[in-house]
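Biologist: Thanks for sitting down with me over this one. Could you walk me through the fold, one question at a time?

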Amino acid sequence: MQYRKDKPSGNRLSALGLGCMRFSVNKAETERMILAAIKGGVNYFDTAYIYPNSENILGEILAKHNKRKDVYIATKMPVVMCKSGEDFDRFFNEQLQRLQTDYIDYYMLHNITNFAKWEMLKSQGVEQWIADKKKTGKIRRMGFSYHGTCGDFIKILDSCEWEFCLIQYNYYDENFQTGKKGLKAAAAKGISVMIMEPLLGGKLAAGLPKQAVEMFAKTDPSLKPADWAFWWLWNQSEVTVVLSGMNSLQQMEENIRSADLFKPLDADKLAVYSDVTALFKKSYKIPCTGCNYCMPCPEGINIPACFSAYNAIYTQGFVTGITLYITSTAITSKTPVSPRNCNECGKCEKQCPQNLPVRKLFKKTSKRFEPLPLRMLFAVIRRFISG
């Protein structure tokens, strides 16, 4: 494992961090994966209050194997759920209990979307709360995770003595949200920058067009698409930790191997990214990362799965796309739940970090997957199933 220095603290952090949002539903598999990560040199584990059962599982496994002091835990305050300053302690204390610890190494205000959100938290007394927690040692390093424009990101950077931040960044999103400009601005202030969505919800690993995969392979056949995504990030000195939401032992082993083997990219390798990105842009129609922040939908629609199916049409063909759509919507069953069931409440759009116009995209998805002839076919299948 390669390590990078966290400048504010001097801590040696693994270049690869474990993003704990997408833990396997198999608890035993998750346990094996966490232990394999630690054995492989991963020492940075990123979770959050709102990740389903993630803090509990991580805390339980670290305590069971006496590994708490071997790792750095990063977790996040659910600021969207904080109605007043009194909520800060309520959530934080619950997180300590879940994680079975009496301190947090790296603590974040979760999903700050703009400067106004930061100003609201300040009005609730968050700055004094942070100072108190740091004074007692319950929080070792303070930062924030961000989804928003670069301009507001820089204003937030300048408004507090942050020690680290977490941003969405990858070779496809080089100029999206904070982008490279925000990365460099944070690094210039001497704070560590952690990266989320390095694989764009897995799409830069398994969702690239065939021609793009071939381009990478022709340049260096020893590297897989995921390696290319990780290496692009590790090639930038401003990047401290790259988080990967690994949910299987195989993924863990492959990504640790990638971190072990990383070496600076030469000109030929760097040149291929622009061609791959251009191809991907043509096929990647809906920029959904599958983060599930939009879920649950009041009507039961699996929003990320529907959009993944739509994108699959253009990267893997119509048969694969329609198969994924049928699976995710149960469109041929007695009780289908497709984008056509949307009640236009807009809840999903308010919670989407990518600011996607979900309702508009639903109409686009329905038109592609459920034209009149297919709707008639699905209706016939449902009648046949119901007898």
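Biologist: Let's start with strand pairing: which residue in β10 is the bridge partner of Leu 16?

Modeller: Happy to, with the reminder that this is a predicted model. Strand β3, residues 16-19, runs parallel to β10, and 3 bridges join the two. Within β10, Leu 16 has as its bridge partner Val 242.

Biologist: And on the β9 side, which residue has Val 242 as its bridge partner in β10?

Modeller: Strand β9 covers residues 192-196 and pairs with β10 in the parallel sense over 2 bridges. The residue whose bridge partner is Val 242 is Ile 195.

Biologist: How many strands close into the barrel, and in what order?

Modeller: The pairing around the barrel is parallel, and the twist from one strand to the next averages 25°. One of the pairs is β4 (residues 44-46) with β5 (residues 72-77), held over 3 bridges, where Asp 46 has Ala 74 as its bridge partner in β5. The barrel is closed by 8 strands, in the order β3-β4-β5-β6-β7-β8-β9-β10.

Biologist: Now the helices: are α1 and α11 roughly parallel or roughly antiparallel?

Modeller: Helix α1 (residues 27-39) packs against helix α11 (residues 249-261) with the axes 9 Å apart and an angle of about 15°. Their crossing is right-handed. Angles under 35 degrees count as roughly parallel, so α1 and α11 are roughly parallel.

Biologist: Last one: is Ser 328 buried or exposed?

Modeller: Ser 328 sits in helix α14, residues 318-329. Beyond its neighbours within four places in sequence, Ser 328 is in contact with Asn 302, Ala 305 and Cys 306. The cut-off for buried is under 20% relative accessible area. Ser 328 has 18% relative accessibility, so it counts as buried.

Note on methods:
Residues numbered from 1 in each chain as written. Predicted model: local features only at pLDDT ≥ 70, side-chain atom pairs only at ≥ 80, totals over all residues. Heavy atoms only, no water. Pairing = 2+ DSSP bridges. Helix = DSSP H or I, 4+ residues; strand = E, 2+ residues; numbered from the N terminus. Axes fitted to C-alpha atoms, helices over the stretch in contact; angles between N-to-C directions. Parallel < 35°, antiparallel > 145°, perpendicular 65-115°, else oblique. Left-handed = near helix turned anticlockwise from the far one by under 90°. Buried < 20%, exposed > 50% of the residue type's maximum accessible area, 1.4 Å probe, protein only. Contact = heavy atoms within 4.5 Å.
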